Amino acid sequence: MKRLRQIIVIAIVLLLGFFIQINLAQFIPSLRCVPNIMLILVFSFGFLRGTKTGMAVGIAAGLLMDFVQGNIIGFYVLIFVYIGFINGVLKRYFTSNVILLPVILCTVNEILYHGAMYLFQFREQAMHTATEYLRHVVIPEYLVTLIAAIVVYGVILLIHRKLEKIEKKGETQFV
């Protein structure tokens, strides 16, 4: 029952984040770039819930993004699974109470994400030189995503703590 509750909550958060990311530009027309909320959700759940959850959220987020933006099914899945796994591994070494953690995680994960995007998509299509891609895509998206990461990570942290509290309460009732 607790596992099902966790899956339902994560699925709702993931779908809500997906719809916000896809439709945010329509709500705020002056916004030049949209925060990568799916990336924030993947690294947040990976870091807070571990490698299995991070990879599962990465698969789900990647499939959603592949169906909407991807040219190749599985491209975003691959990127997000690795990000979920890496952040899940980091859970062993860091605590979620560090104030700068969302900033650090966002920075590292944006570098990984955009590095993969440039190497496997834009470089092949010769759309951008590295400096153009950095200046016009990476830096603006990073700044918007960083601001969103602070808010979204805080919400995910509250959800994580609430789920843990419910799970612990359920364990003590049966003992």
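The model is a prediction in which local features require a pLDDT of at least 70 and side-chain atom pairs count only at pLDDT 80 or more, while totals for chains, interfaces and linings use all residues. Residues are numbered from 1 along each chain as its sequence is written, and side-chain values use heavy atoms, with hydrogens and water left out.

The protein chain contains six helices and zero strands, where helices (H or I, at least four residues) and strands (E, at least two) are DSSP runs numbered from the N terminus. Read from the N terminus on, the order of elements is α-α-α-α-α-α. Of the 175 residues in the protein chain, 42% are buried; here buried denotes under 20% relative accessible area, exposed over 50%, and partly exposed the range in between, as computed with a 1.4 Å probe on protein chains only. When contacts (heavy atoms within 4.5 Å) are taken between residues at least 6 apart in sequence, 71% of them join residues at least 24 apart.

Aromatic pairs were assigned to rings of Phe, Tyr and Trp (its six-membered ring) whose centres lie within 6.5 Å, with planes under 30 degrees apart counted as stacked, over 60 as edge-to-face and the rest as tilted. By this rule the count is four aromatic pairs. One of them joins Phe75 and Tyr76 in an edge-to-face arrangement, with 5.7 Å centre to centre and 80° between the planes, and both Phe75 and Tyr76 are buried. Another, between Tyr76 and Phe80, is tilted, with 6.2 Å centre to centre and 35° between the planes. Tyr76 and Phe80 both belong to helix H4 (residues 75-90), where they are four residues apart, about one turn of the helix. Tyr76 counts as buried because its relative accessibility is 4%, and Phe80 likewise counts as buried because its relative accessibility is 1%. Through ring pairs, Phe75, Tyr76, Phe80 and Tyr113 are linked into a cluster.

With its neighbours within four places in sequence left aside, Phe80 is in contact with Asn36, Met38, Leu39, Val42, Gly54, Gly58, Ala61, Gly62, Met65 and Tyr113.

The axes of H2 and H4 come within 7 Å and cross at roughly 35°, the axes being lines fitted to C-alpha atoms, for helices over the stretch in contact, with angles running from 0 to 180 degrees between N-to-C directions. The crossing of H2 and H4 is right-handed, a term that applies if the near helix is turned clockwise from the far one by less than a right angle, with left-handed used if it is turned anticlockwise. The contact involves Met38, Leu39, Val42, Phe43, Gly46 and Phe47 of H2 together with Phe80, Ile83, Gly84, Asn87, Gly88 and Leu90 of H4. These residues divide into eight nonpolar, four polar and no charged, where Ala, Val, Leu, Ile, Met, Phe, Trp, Tyr, Cys and Pro count as nonpolar, Asp, Glu, Lys and Arg as charged, and the others, Gly among them, as polar.

Phe120 lies in helix H5 and counts as exposed because its relative accessibility is 57%; Phe120 and Phe75 are 45 residues apart in sequence and 9.0 Å apart in space, C-alpha to C-alpha. In helix H6, His160 is buried, with a relative accessible area of 8%, and touches Leu48 and Arg49 when residues up to four places away in sequence are not counted. Lys168, also found in helix H6, is exposed, with a relative accessible area of 55%.
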